[in-house]
Amino acid sequence: MNKFFKIFAVASMVSYAFVPTSFAATTEQILEFRLERIPEALTDPSRAVLFSPRTDDIVDEEQSAKNKSEYFELIHNSPNNVAIGYAHNGNIATSFNYQATDSTPFFMYSVKKFVVGFLVADQVCKGNIDVSKTMGAMSSELSKTAY
Amino acid sequence: MSSGVFYNAEERNILSYREITRNGISMLEQLSVPKKPHSKPGLKFDYSNYDSNALTFAVIGSTDKNVAELFETEIWKNINPSHNGYWAIDASGLPVGAFGLALSASDLLKVGSFVSNRIRSDECLMDYYNDDGIVVGGDKKGLANWRKHSWVNPQNLNQFGGMGYGGQVLMFDISTGNVVFIYSNYADKYDDNIFRVAWDLLNELR
């Protein structure tokens with residue numbers, strides 16, 4: 001193991017979420033970080049909540065759908081892209097590069113902000129969150145912060 | 001997209017989006033650092049996680065559930081997921097609001113389809129997503145607007161969704177219900193072209 005990789009490995013153990021940027025990591029190192037080290041870290045109950053699958057049925061990919069789209073293939077063939085997929089009329093199509101598979105948990109970074117935004121909007125619509133209250137009024141912990 | 005309390009990023013040694021993961025601090029410790037919740041000319045704003053993390057406390061205070069529990073009851077149980085999924089927690093054990101959802105590609109697409117269909121079938125949600133979004137927390141401190149947590153296609157406002165910092169995309173078209181997922185592998189940036197790719201793929205599916 002060379003010195004460069006040792007530094008990367010130590011940094012990965014300390015912080016799993018963001019790619020170290022104090023040096024230029026190679027594509028292979030980033031892939032290993034995102035597709036292997038992060039998923040491994042997330043299995044630690046002190047670092048993540050686990051959601052278990054509800055079915056043993058593995059999604060059957062709509063291979064014909066993938067093949068009929070040249071644009072889908074174009075995206076798939078880009079070396080920058082690890083995985084792509086779409087849901088269309090109840091069908092799901094996925095395609096993977098490198099070491100990614102259909103069971104790989106993809107760490108989606110700030111995409112979660114959108115998911116949390118939806119959950120909040122849903123609770124507002126259900127009448128469980130009062131938007132007229134200040135953030136601090138909704139949470140005693142937040143009242144001690146800038147909110 | 002922006003999310004977070006405005007402050008002078010140059011006064012801080014560590015970018016806010018790295019605090020929780022790099023330093024092992026909790027969300028509350030992050031939020032308790034004195035901020036400048038106002039804008040001044042010349043200040044350099046830091047892309048941050050503050051608003052989404054603050055929302056998690058507002059959710060707990062209002063629903064007695066944390067965001068991961070809400071995700072499980074409101075989404076996960078309804079999508080027939082095929083693989084394990086994960087929601088990152090902070091140093092105090094609270095589910096993080098700003099990042100750290102990890103799901104398989106097919107389950108992400110199921111989440112996307114579910115969310116898209118919920119918006120399409122719920123008049124209240126549709127009104128918000130067709131308008132300016134929801135501002136939680138009153139006026140001056142109303143920093144948690146869903147629109148700030150979404151990327152919207154300026155050519156088609158029905159197409160929007162989430163973006164991760166390495167070029168990870170989950171985009172919806174609420175006029176069709178179609179969903180696109182792209183996981184790119186940029187290091188500490190993303191190519192703006194990734195938006196066009198996602199929107200073009202959504203257009204192709206129409």
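Me: What stands opposite Trp151(B) in S6(B)?

Reply: In this predicted model, Gly161(B) of S6(B) stands opposite Trp151(B).

Me: How do you know that S5(B) and strand S6 (residues 156-163) of chain B are paired?

Reply: Pairing asks for at least two bridges between the strands. Three bridges join S5(B) to S6(B), and the two run antiparallel, so they count as a pair.

Me: And what sheet do these strands belong to, and in which order do its strands come?

Reply: It is an open sheet of six strands, ordered S3(A)-S2(A)-S8(B)-S7(B)-S6(B)-S5(B), with antiparallel pairing.

Me: Why is one side of S3 of chain A and of S5 of chain B left without a neighbour in the sheet?

Reply: Strand S3 (91-96) of chain A and strand S5 (151-153) of chain B stand at the edges, and each has a single partner strand, so one side of each has no neighbour in the sheet.

Me: What makes H5(B) roughly perpendicular to H6(B)?

Reply: Their axes cross at roughly 100 degrees and come within 5 Å. Angles of 65 to 115 degrees count as roughly perpendicular, so that is the name for H5(B) against H6(B).

Me: Which residues meet there, and how many are nonpolar or charged?

Reply: From H5(B) come Arg118(B), Ile119(B) and Arg120(B), which meet Leu125(B), Met126(B) and Tyr129(B) of H6(B). The contact divides into four nonpolar, no polar and two charged residues.

Me: How do you know that S4(A) pairs with a strand of chain B?

Reply: The cut-off is at least two bridges. S4(A) and strand S2 (residues 101-103) of chain B have two bridges, in the antiparallel sense, so the pair qualifies. Phe106(A) stands opposite Leu103(B) there.

Me: How many residues are in contact between the chains, and which element of chain A gives the largest share?

Reply: In all, 80 residues of chain A are in contact with 90 residues of chain B. H5(A) supplies the largest share of the chain A side, 15 residues. By class, that side has 48 nonpolar, 21 polar and 11 charged residues.

Conventions
Residues are numbered from 1 along each chain as its sequence is written. Chains are lettered from A and ligands numbered from 1 in the order in which they are written. This is a predicted model: local features need pLDDT of at least 70, side-chain atom pairs count only at pLDDT 80 or more; totals for chains, interfaces and linings use all residues. Helices (H or I, at least four residues) and strands (E, at least two) are DSSP runs, numbered from the N terminus. Two residues are in contact if their C-beta atoms, placed from the backbone, lie within 7 Å. Ala, Val, Leu, Ile, Met, Phe, Trp, Tyr, Cys and Pro count as nonpolar, Asp, Glu, Lys and Arg as charged, and the others, Gly among them, as polar. Axes are lines fitted to C-alpha atoms, for helices over the stretch in contact, and angles run from 0 to 180 degrees between N-to-C directions. Angles under 35 degrees count as roughly parallel, over 145 as roughly antiparallel, 65 to 115 as roughly perpendicular and the rest as oblique.
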